[in-house]
Number of protein chains: 2
Amino acid sequence: MPASPIRRLVPYAEVAKSKGVKIFHLNIGQPDIETPAEMLEAVRNSTFKILEYSHSAGNESYRRKLGEYYSLANINVDHNEIIITTGGSEAILFGFMACLDVGDEIIIPEPFYANYNGFAVEAGVIVKPISSNIGTGFALPPPEDFEKIITERTKAIIICNPNNPTGYLYTKGEMEVLKTIVKKHNLYLFSDEAYREFCYEGEHFSSMQLEGVEENVIMIDTISKRYSACGARIGALITRNKTVLQTVLKFAQARLSPPGFGQILGEAAIDLPLDYFKKTKAEYQLRRDTLVKRLNDIPGVFCPNPGGAFYVMASLPVDNADLFCEWILESFSYNGATVMFAPGSGFYGSPSLGQREVRIAYVLNVQALNAAMDCLEKALEVYPGRILLE
Amino acid sequence: MPASPIRRLVPYAEVAKSKGVKIFHLNIGQPDIETPAEMLEAVRNSTFKILEYSHSAGNESYRRKLGEYYSLANINVDHNEIIITTGGSEAILFGFMACLDVGDEIIIPEPFYANYNGFAVEAGVIVKPISSNIGTGFALPPPEDFEKIITERTKAIIICNPNNPTGYLYTKGEMEVLKTIVKKHNLYLFSDEAYREFCYEGEHFSSMQLEGVEENVIMIDTISKRYSACGARIGALITRNKTVLQTVLKFAQARLSPPGFGQILGEAAIDLPLDYFKKTKAEYQLRRDTLVKRLNDIPGVFCPNPGGAFYVMASLPVDNADLFCEWILESFSYNGATVMFAPGSGFYGSPSLGQREVRIAYVLNVQALNAAMDCLEKALEVYPGRILLE
């Protein structure tokens, strides 16, 4: 079982803290946005006397409400096509276990969310990365790259849309390319849409809207990021494939039920005022615009302007971003503060890729982001491993 | 992935309900006891504004308090030896995945909690049942039965103490027998202590109190039954084995964190008045005494008097308990009500065992239990598949 690549920096952060240095945590996807008060109130105002097991697939009332939410996004699913899970994490694990046998292969465009590796190991599934790159802004790799590595053991593709760690928002055209591939080779298409509400350039086109591959598509969802409710541990697996639903339900029954309070929180989210996402999205877009501009203004730094989520991948003028991320924590501070980034290499399955890249989560407000960028700028001026780019 | 054996009866229960027949649910471990108000109030009075990820091992404050709880039971563990999990279910799965490779074998005295099968399948582990039987009250099988099936692939034994489904409470002597076996063959001993507070005959002796096998023992725990908080999904894995802790932590990190509200609930439990368990235990003991007497008073029924938990296994004078459990739901009622039991066969790994047994959960009050036993008594008088016992 691989250790989380982001956790490797924790001892360095502890050194910084022990010296009294403030750390801007741009390394993890824990937003500073408040959980909507209406959701927390729903839990706090609950009146039941016994916290019972819910249905293993989640409370029917919640599944019906979640269906309403998807219908607003032109995704029509019945509540029986939704299984509530303990976070998006469990939905991914259940999906892998239900659809792939031990030794089967899953293709993932890299860089990708590092925990996909962990769930693949748990399910005995082999990850086959294909590379996207910073030059194209991390667009979908061309179909021939998929074709090249598809074998008889290939059973699935997983994408994250919009993407963690790149922020890339797949176009409808790219989704159609994926549809052609999964149809041709009869693959499952896992679509992790944790950040589906945070799209800044164009519309989100969901895998659930693809026609003709209804049996192939499995959507993974979570309330963690959408409503800044990471600690609730409420996600969902959505598919129109009845066989997959039946198998996932068996896994769900073995673990009895998803968390009770979290389901109350999730159900209350559906009744939030319609402008909730508008406000949250505007805040994230302001942060993205600020961050991307600041990054590209630093000599030698390059950052594509991503269409969604709340992450960017940037390349830095350094020998090795892993070493730089350690150094900035351990040996540098500016105005009493330093920055924690997630080294890019941890998001690639192929060795030696992403070695000059970092993932930056814009989970702090603009003022903090500006201060963090001041710190990065000054750090790069004095970092001993700085390299000169043409 | 096997389907839950208890769920098979659900369609028959729905037939009964559709006819307006009330069902006494003695088939599942969902108690009617109220969740302590102090625990629910802790959640309802919480004031945080962002429901963040907790530490992957659970909030440190909760782990420290849980350590205090165990020390009252003469189990001294550091908070770093506790990993908070999403229910006891996740603790079992993480334990299996951390300690056993695919194809390794685990010995389980049968009858056993049916979901152990599910977690074994998920972890790719092979279950090797050894039989305990109703004649001895489901005491631990003799050591030679263990020795007979231990192979080089055997890596662990799992017990549930006190036991689900039998209610059997293992004696200190039996625990010492297990210690000798795990020491001799260098096995892990998983000890599921979900019902540890509900012991009616003698003291609970925990696997964590065994001396000389500190590296072998992994305790599984949960707040679900102890505080009637099944829907919280809060459990724990406790071990002094550092390597196992490190590996389990990696699985915990991949799924990010256990549920946030549930941890607040669990932490508040440690501050309950000391007589909380006294009262709850007295209630369960009254139910057990009532149920066991009523069962043994019915001609042809035999039920040992179990020392703990809130289950009994009883043998009925019927051709086949699976068929009887279907029939009583589908074709029988008394005073407008019928009873749902869990057929015993679902708790055995060996085929053809337990075919005249049912598991009965005494999760309803004495009045309801008496009404359910009235119904069972009348049903057995007219059941077409009744057999005559000597």
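Guide: One begins with confidence. This is a predicted model, and chain A has a mean pLDDT of 96, with 98% of its residues at 70 or more. For the model as a whole, the scores are ipTM 0.94 and pTM 0.95.

Visitor: Why does confidence come before geometry?

Guide: Where pLDDT is low, the predicted coordinates should not be read in detail.

Visitor: What rotation and what shift superpose chain B on chain A?

Guide: In general, two copies of a chain are related by a rotation about an axis and a shift along it. Here, chain B is brought onto chain A by a rotation of 180° with 0.0 Å of shift along the axis, at an RMSD of 0.0 Å. The two copies are therefore related as by a two-fold rotation axis.

Visitor: Which residue of chain B comes closest to the rotation axis?

Guide: That residue is B:Arg44, whose C-alpha lies 2.0 Å from the axis. Both copies use the same surface, since 100% of the contact residues of chain B recur in chain A.

Visitor: How many residues does each chain bring to the contact, and which elements of chain B give two or more of them?

Guide: Chain B brings 45 residues and chain A brings 45 residues. On the side of chain B that touches chain A, the elements giving two or more residues are α2 (37-44), α4 (87-99), α5 (115-123), α8 (242-254) and α9 (260-269) of chain B. The largest share, 5 residues, comes from α8(B).

Methods. Residues numbered from 1 in each chain as written. Chains lettered and ligands numbered in written order. Predicted model: local features only at pLDDT ≥ 70, side-chain atom pairs only at ≥ 80, totals over all residues. pLDDT = per-residue confidence, 0-100. Least-squares fit on C-alpha atoms with pLDDT ≥ 70 in both. Contact = placed C-beta atoms within 7 Å. Helix = DSSP H or I, 4+ residues; strand = E, 2+ residues; numbered from the N terminus.
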